[in-house]
Amino acid sequence: MVYFPILKELEIRDYGLYPGEQRDGRFGIKFNAGLTMIIGANGLGKTTLMTLVFRMVAGTYDLNLPSEIGTANLDAQELNPIARRQFADRVNDGAQNAYATLKFDVGSVEFIVERNLVNLSLHSLSVGSQVRSVNEKAYHDAILEASGFGVYADWLLILRTLVFFFEDRRALVWDPGAQRQLLRCLFLSPERAQEWTQKERSILELDSRMRNLQAAVRKEQKIRAKSVKRLSNESEVRAALDAAEKSKEHLDTRYDELAVFVESDDEDRLKHRLNVMRAQNEHDRSIREFERARLFAIEAHLPQVDASMRFLFTRLMSDNTCLACGSSGVNAKRKALESAIEQHRCLVCDSNLPYRDETIIDIGDKRIAELRSEVESTHVYLQQQTSLFEEINARYKANSQEFTECSAERSYLQDTIRNLINQLPQDERKALEQQDKLQGIEDLVTDLRTQLNKERAQFAESLKSDLETIQSSAEVIKQQFKVASMGFLFEDSGLSWSPNRRTVGQAGGMEPVEYPAFVVELSGSDFVGLQQRSSPSQVSESQREFIDLAFRMALIEVASPEHASTLAVDAPESSLDAVFVDKAAQVLGGFAKSAHGNRLILTSNLGASELVPQLLMEVAPIGQRLEPLVDLFSAGVPTRAMIESKVSYDKYWDQLKKKVNGESES
Amino acid sequence: MKANPENSFQEATARIVRILSLLDALAGAGVTPSSSRGLHELAFLANVLAPVFDLPPMDAVLLKRKSGPYYPALQQTIDRLVGQGIVEVLNPYYELDEADQRCRMVASYRLCREVATPALARYRVLFESEARFIDELAAAYSALSDQDQGHTVLSDARYADASVDDNNVIDFGQWVSIDKNFSRNAAMAFAPGYNLLPAERLYLYIDHLQQRVAHG
């Protein structure tokens, strides 16, 4: 079990950007349970305020998060002096006398952290009512003890990727690296989480060492080839050696390329195999639905005929297939049968049937047309998916085959080169000595590769039990995600547990390991059934934001059940389609109103979207709806735009107040 | 899923043979007519347990569904056999499968002996070991109660493996190592140190499934 920060109170003193409503240099925010909405205009310091809150909790350390998070990057690094002055540089006086104090809980422990805003250094620290020594190390230790995380980098990771949702937010659900690191630190014990990181890091270091050495060997091989060329006479051996060296160089490059291709093709073909099987399933479902509708009509017309015969007719009328001879596309016969049913004639001999006082399903109705169209569209989709799969599978097989051949040919050439060098005249001792030295390095590369394989196998083995531990929470995460995502979106959506096969490190030819991962599945107007959306480009921008937010909310809820958390979102409306506003307000409001006392902190521009009034109406009763607002217009320093457009801003304020208080606008 | 027409033909033929042999073996074990649900379940068991008899699975992959195994291509083949008069369908109707939220055909099937017998006799000569495996499997399966037939695989070691979500692919040998065939692993793990016959392992495994269904 881990605990997230629960923000309670922020006080900023003598910081030029926030002089406070009384203009006495004191600005404070109480983060009550529920919503805190920071309202301002461009340039008033909303994002700075959110960043300041983040910095107060994170301290003077941060992670260097690249586009895809890997283990090697997960070190807590001290901020450089420029980054530490980020708040000082925003004000005229360099924040010489400015301080900020943040009160927050982690689990049952209260933290009161005071930092100066010149360089963010700690000024005072109280943990659980006890004054602690003023150094970052003491702060880190206290945080780790209270939160249940094993290393401070993991605390920073959850702050950066889960609790704070800045404008440059990463799409967490589509970043397999970020996902697996979060799942690791949220659902494994601190010891297991650390062991994972250490093992993975050791492999990556070994991998890097081995590849560097290998590159050095290749370079030395080229140099050696040149020196041999200088020493040796033009001979058949020389020519053969030269040709072999060139081929080997070419093969080395191709080998590296193919290793990458094979891994990515393998991922692709897995995805497309799934698509084909789902398409088959959907097509079968639509055929059975159609058959069912047809069978009603056939049964009514042929009550005496045996079941096999009725089924045969049913199928012929469903997907134009004659089960007796296997012919497909028997459209004319289908139409004749339909006409016979409509005109109340026998399907077998075409005689007129006596009137029967029974309800016969009208096969010409709209539902039948829909079902037929579904059978056709699922069939087209199945064909498309099958053809895509075949193409990708063929590519995988070709690359895989070439990779195997390339690998065998490399070994063969390596032996050939050694043999040829041995055939060179004795006076080329220098070259041979060089060869001996090179052989030593080559042996070292081989040893490293063996060691790498061994460590990878051990890591893969230990990952299996970690995978099981994390998977035991997968069902609840999926349920929580579904609740949130269905609230946000109009489409059917869900998460699917889909462990991700990946090679640790970059050296090719190694078995991939299975990492924990979820993939998003979404229905769509152009798709049949739920489809995996493996990249953010496969959904709209609004969907992207809220799918990711739903994923974060699910992780927070499951990782720390029955406990409150903070979710701080900078400008959630930035890509919000107007029709999503009601839904977004409901789900975000639901998080804010949680019985555990969650804190939802949002920043927004005045009048930027309907989300602000909708959310205020969602979380508070009439009369108290303005209470969650933090008004930077009155507490901040007016910008030139605010001064020149005061009338407009006042109008927006007025509209907001009227709207949330249920007054009609005149 | 394969483009090669020769492969497709072989696969289609293999499916026909598999259905006929399953129905024949079930009839031999006294389970006739056989329910569609039971037939798909037995087809799945025949795939996961084939390696116990050192045989390759016909399909080492399927889409996991909440309500149990279902092979669309196999059902298409059954339909076709019905149309050709080789298999007889009894009491077909459709019901809403609430677990998977789809319409599912419910029917019973039996062989039309006069048409199927010559083909089956030839099959038993050509694929003797496979026929023996299917016979033993059907005999073991027939020990399940009528209520349990069609609902047992939900407790199968491979099918129930929680690392594969519903609506995702269960692979036990197509692109993964045979180690991932947990059903086969479980069957091979009975009575360590004893030299059990493959057929005994099938009985023990099906019995184990029955116990799991009975005791949750």
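Trainee: Which residues does Phe4(A) touch, not counting residues up to four places away in sequence?

Mentor: Bearing in mind that this is a predicted model, Phe4(A) touches Ile158(A), Val163(A), Ile556(A), Ser560(A), Ser565(A) and Thr566(A), with residues up to four places away in sequence left out of the list.

Trainee: Is Phe4(A) buried or exposed, then?

Mentor: Phe4(A) counts as buried, because 25 C-beta neighbours lie inside 10 Å, and the cut-off for that label is 20 or more. Phe4(A) sits in the segment before strand 1 of chain A, which covers 5-13. The C-alpha atoms of Phe4(A) and Ala559(A) are separated by 9.2 Å, although these two residues are 555 residues apart along the chain.

Trainee: What does strand 1 of chain A pair with?

Mentor: Strand 1 of chain A pairs with strand 2 of chain A in the antiparallel sense, over 5 bridges. In that pairing, Ile12(A) stands opposite Phe27(A) in strand 2 of chain A.

Trainee: And which residues are on the covered face of strand 2 of chain A?

Mentor: The covered face of strand 2 (residues 26-30) of chain A holds Phe27(A) and Ile29(A), while Arg26(A), Gly28(A) and Lys30(A) make up the uncovered one.

Trainee: Switching to helices, how do helix 7 and helix 10 of chain A cross?

Mentor: The axes of helix 7 (residues 236-301) and helix 10 (residues 366-422) of chain A come within 4 Å and cross at roughly 160 degrees, which means that helix 7 of chain A is roughly antiparallel to helix 10 of chain A. Their crossing is left-handed, and by class the contact of these helices has 30 nonpolar, 16 polar and 18 charged residues.

Trainee: What about helix 2 and helix 5 of chain B, at what angle do they pack?

Mentor: Helix 2 (residues 36-49) and helix 5 (residues 128-142) of chain B pack at an angle of about 125 degrees, with their axes 11 Å apart, so helix 2 of chain B is oblique to helix 5 of chain B. Helix 2 of chain B passes helix 5 of chain B in a right-handed crossing.

Trainee: Which residues meet there?

Mentor: From helix 2 of chain B come Leu42(B), Leu45(B), Ala46(B) and Leu49(B), and they meet Ile134(B), Leu137(B), Ala138(B) and Tyr141(B) of helix 5 of chain B. By class, this contact has 8 nonpolar residues, with no polar and no charged ones.

Trainee: In what order do the strands of the open sheet in chain B run?

Mentor: That open sheet of 3 strands in chain B has the order 1-4-3, with antiparallel pairing, and its edge strands, strand 1 (34-35) and strand 3 of chain B, each pair on one side only. Strand 1 and strand 4 of chain B are paired over 2 bridges, and the bridge partner of Ser34(B) in strand 4 of chain B is Tyr109(B).

Trainee: Last topic: how many residues does each chain give to the contact between chain B and chain A?

Mentor: Chain B gives 26 residues and chain A gives 30. On the side of chain B that touches chain A, the elements giving two or more residues are helix 3 (72-83), strand 3 (87-97) and strand 4 (102-111) of chain B, and the residues of that side divide into 13 nonpolar, 7 polar and 6 charged.

Conventions: Residues are numbered from 1 along each chain as its sequence is written. Chains are lettered from A and ligands numbered from 1 in the order in which they are written. This is a predicted model: local features need pLDDT of at least 70, side-chain atom pairs count only at pLDDT 80 or more; totals for chains, interfaces and linings use all residues. Axes are lines fitted to C-alpha atoms, for helices over the stretch in contact, and angles run from 0 to 180 degrees between N-to-C directions. Angles under 35 degrees count as roughly parallel, over 145 as roughly antiparallel, 65 to 115 as roughly perpendicular and the rest as oblique. A crossing is left-handed if the near helix is turned anticlockwise from the far one by less than a right angle, and right-handed if clockwise. Ala, Val, Leu, Ile, Met, Phe, Trp, Tyr, Cys and Pro count as nonpolar, Asp, Glu, Lys and Arg as charged, and the others, Gly among them, as polar. Two residues are in contact if their C-beta atoms, placed from the backbone, lie within 7 Å. A residue is buried if 20 or more other C-beta atoms lie within 10 Å of its own, exposed if 12 or fewer, and partly exposed in between; C-beta atoms are placed from the backbone. Two strands pair if DSSP finds at least two bridges between them.
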